[in-house]
Amino acid sequence: MDAAKSIEFHGVSFRLADGKTLLSSLNLEISRGETLVLLGRSGSGKTTTMKLINRLLDPTDGEVRVESRSTFDWDPIQLRRRIGYVIQEIGLFPHLTVAENISVVPRLEGWDSERIKDRARELLRMLGLDPDRFAARYPRELSGGQRQRVGVARALAADPPVILLDEPFGALDPITRREIQFEFKDLQARLNKTMVFVTHDVREAFVLGTRIGLVKDGKMILLGPPALLLESDDPEARAFAQCFHEAGSAENAA
Amino acid sequence: MSFFEFLLRNRQEVLELVGEHLFLVAISTGMAVLIGVPLGILLTRKPALSKPVLGFANIMQTVPSLALFGFLIPLNVYLFEVKILGGIGPRTAIVALVLYSLLPIIRNTFTGISGVDPAIREAGRGMGMTDRQLLFQVELPLALGVIIAGVRVATVICVGTATIAAAIDAGGLGRYIFRGLRANDNVLILAGAVPAASIALVADLLLGYLERIIQFGGAVKAKSRRLLWSGAAVLLLFLAGSYFFIGGTSGRVAVGSKDFTEQVILGEILALAIERKTGSQVIRRFDLGGNLAHDALIAGEIDVYIEYTGTGLLAILKSKPLKDPREVYRLVKVEYAKRFNLEWTEPLGFNNTFAILIRAEDAQKLGLKTVSDAARVSRQWRAGFGQDFMSRPDGYPGFARTYGFHFQEIREMDLSLTYRALAEKQLDLIAGNSTDGLISRYGLVQLDDDRKYFPPYDAVPVVRQAALEKHPKLRGLLKELGGILTVDEMRKLNYAVDGEKRQAKDVAREFLIKKNIIAGSVPTN
């Protein structure tokens, strides 16, 4: 067992019942503490890849290993409770307060109520939200950025070793988005968790990724540190690199 | 008497009926929730079931209540010595009401849960919720508003349909409505309909309020939410549980009656005579709709009621019409004993057959005495008949053929409404009942059935043989009641109730005293 490996994909494919292939023969290793950004266009297979990790989907071929154990051997409930999961802002439960939303997994895990309360307040503070002001609010009473922070806090609640984030900042306005990206990067450095981060925003990928995996039509066509993307000859990689440069020059011009 | 005067004077009874009505609605809706919500949840888990289950609930809503009662009454299902299905009374009414109110509850539970945002469901699953945790912590709370909306619709439907409970002696405000329809009494109809409509409105408002607070969610704290839930659960279980404690009739003589004035008077006469003469306790189960009294007798839910020989012959035995009264009586007596273990005792003495009625002024002006006389002058006439007369084998088609009637127009309508329509000149000829009190009230004239078309409908007590064995004095009493009533007397008794608005109970008691069957004094006025 290699203690440095957190998540491994061994020849993993995923096909729908109608035969359509969403992911084909993926091989990938993600190390502990690393942030892998899965970058690609809509429908390229990034989200599918992510859902194979917490068994929201099961591979049709090959196997995924989490902490060196095949996901088939994990009880899906136990597996998911060890993996934080953040999706776009709609994932918050509208009938629960901010504190209750954050406390879902600790409650499922049977923590005592004092510990749950303390943990929720600690996480709110960590994400820059004043617990006294926000704990009792409902998601609809928050701004988009605040909601997203709560989503991240919820994923961190039971201190899972792995966190999956599926375009978590996708619905935010560009300014809030930049702010929260940098806050998140800060958090990342402090927490030292394995993260898989799905996005189609190339700048976000550069800010947050230890490595970037470029996904196209169900295949990983490039995997390496962000710099690699800028040097590649692959047309898809160049298209994304182009976006990165244009956004940068626009910023310089301003 | 005005509507408000009536309510004031009868407030005790009105409150009782409102209480019965609420009891029926509360238990039925409670059971419908306990059955419908789990079923709706099941459908979200096994979508293949949704078509057949929703289809069944849909069809149930279209089954006419009398047909449903006719199916439910003969059932005889016991659970640990407690009868849980079948018979007349609240039990069967509740089962029918539950079946009628299931659809909106199942459907709203199903659509409410299916309508939960898939992203929210996925977030829950991704966080490691089991299916059960997802259901109770996410899906149900979010679908609750829609589910309550379904319960709200079901409750309002239930308040309305609970009026049919009166047809099987299950009480409720339907008693006033049916009684009012029968006696052409708008005040009585309103006395039943207005409180029922008010209950529906209040229930709708209350549940609408509940729906709103739940949708706003924030108003209710987690602790009080849990309290609210356990409260609702306890209440539901209590309501549903009380279904199993609806009492039986053990040890007493159950006297039944059909749902028209004459039958209620005859039922009272029977009940009073049995109480006073045999010393047995009597339970009255009156106002049974259609042929449900027969079903109830067979099911052992009642022990005796007054049936008419012609009805027994045609409607129950489905035999061909016969004209000779003695032959009809002999035939039903033999067949009932053989097929149902029921005994026809002595005829009461009067024949309640169809009476062909016209206005007195027409009879006088045109010199009409017999049905044949009327047939000659009726080409321009409008006739009105009850549904029953139009469809039965001794009804309209044979009647028209026998006498050669060709009316300008025939209206098929509720029998009790035809008398008034005739009096108000909206109709020119109707087929009423020969003993109907309304005949005297509206001054109508009965034409002689000169061709002897209508078969005899002699009124006779029909009693379960088992009841005769169990209550030995019953046979002698029923024999004593033989021949005590002429058609004219019956018409007078009917008029005392329909026309003079007196209580059937009082009218029956005075009659029995007058006939020296029971002791007592008749107030003179």
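In chain A, the centres of domain 1 and domain 2 sit 25 Å apart, taken over C-alpha atoms; the domain bounds come from an automatic or database domain assignment. Keep in mind that this is a predicted model, where local features need pLDDT of at least 70 and side-chain atom pairs count only at pLDDT 80 or more, while totals for chains, interfaces and linings use all residues. Residues are numbered from 1 along each chain as its sequence is written, and chains are lettered from A and ligands numbered from 1 in the order in which they are written.

**Domains of chain A**
- Domain 1 of chain A covers 1-82 + 164-254, and domain 2 of chain A covers 89-160.
- Where the two meet, 9 residues of domain 1 of chain A are in contact with 13 residues of domain 2 of chain A (contact: C-beta atoms, placed from the backbone, within 7 Å).
- On the domain 1 side, helix H8 (residues 174-191) of chain A gives the largest share, 3 residues; helices here are DSSP runs of H or I with at least four residues, strands are E runs of at least two, and both are numbered from the N terminus.
- That side of domain 1 of chain A has 5 nonpolar, 1 polar and 3 charged residues (nonpolar: Ala, Val, Leu, Ile, Met, Phe, Trp, Tyr, Cys and Pro; charged: Asp, Glu, Lys and Arg; polar: the others, Gly among them).

**Chain A against chain B**
- Between the chains, 15 residues of chain A touch 17 residues of chain B.
- On the chain A side, helix H2 (76-81) and helix H4 (104-108) of chain A are the elements that give two or more residues.
- By class, this chain A side splits into 10 nonpolar, 3 polar and 2 charged residues.

**Chain B overall**
- Chain B has 24 helices and 12 strands, and its C-alpha atoms fill a box of roughly 90 × 55 × 45 Å along the principal axes.
- Of the 525 residues in chain B, 45% are buried, meaning 20 or more other C-beta atoms lie within 10 Å of the residue's own C-beta, placed from the backbone.
- Among contacts in chain B with a separation of 6 or more, 77% are between residues 24 or more positions apart.

**Domains of chain B**
- The assignment gives chain B domain 1 (3-245), domain 2 (253-351 + 457-514) and domain 3 (354-447).
- The centres of domain 2 and domain 3 of chain B are 27 Å apart, over C-alpha atoms, and their contact takes 15 residues from domain 2 and 11 residues from domain 3.
- On the domain 2 side, two or more residues each come from helix H11 (261-278), helix H13 (309-316) and helix H23 (487-498) of chain B, with H23(B) giving the most, 7 residues.
- This side of domain 2 of chain B divides into 7 nonpolar, 5 polar and 3 charged residues.

Key
Buried ≥ 20, exposed ≤ 12 C-beta atoms within 10 Å, placed from the backbone.
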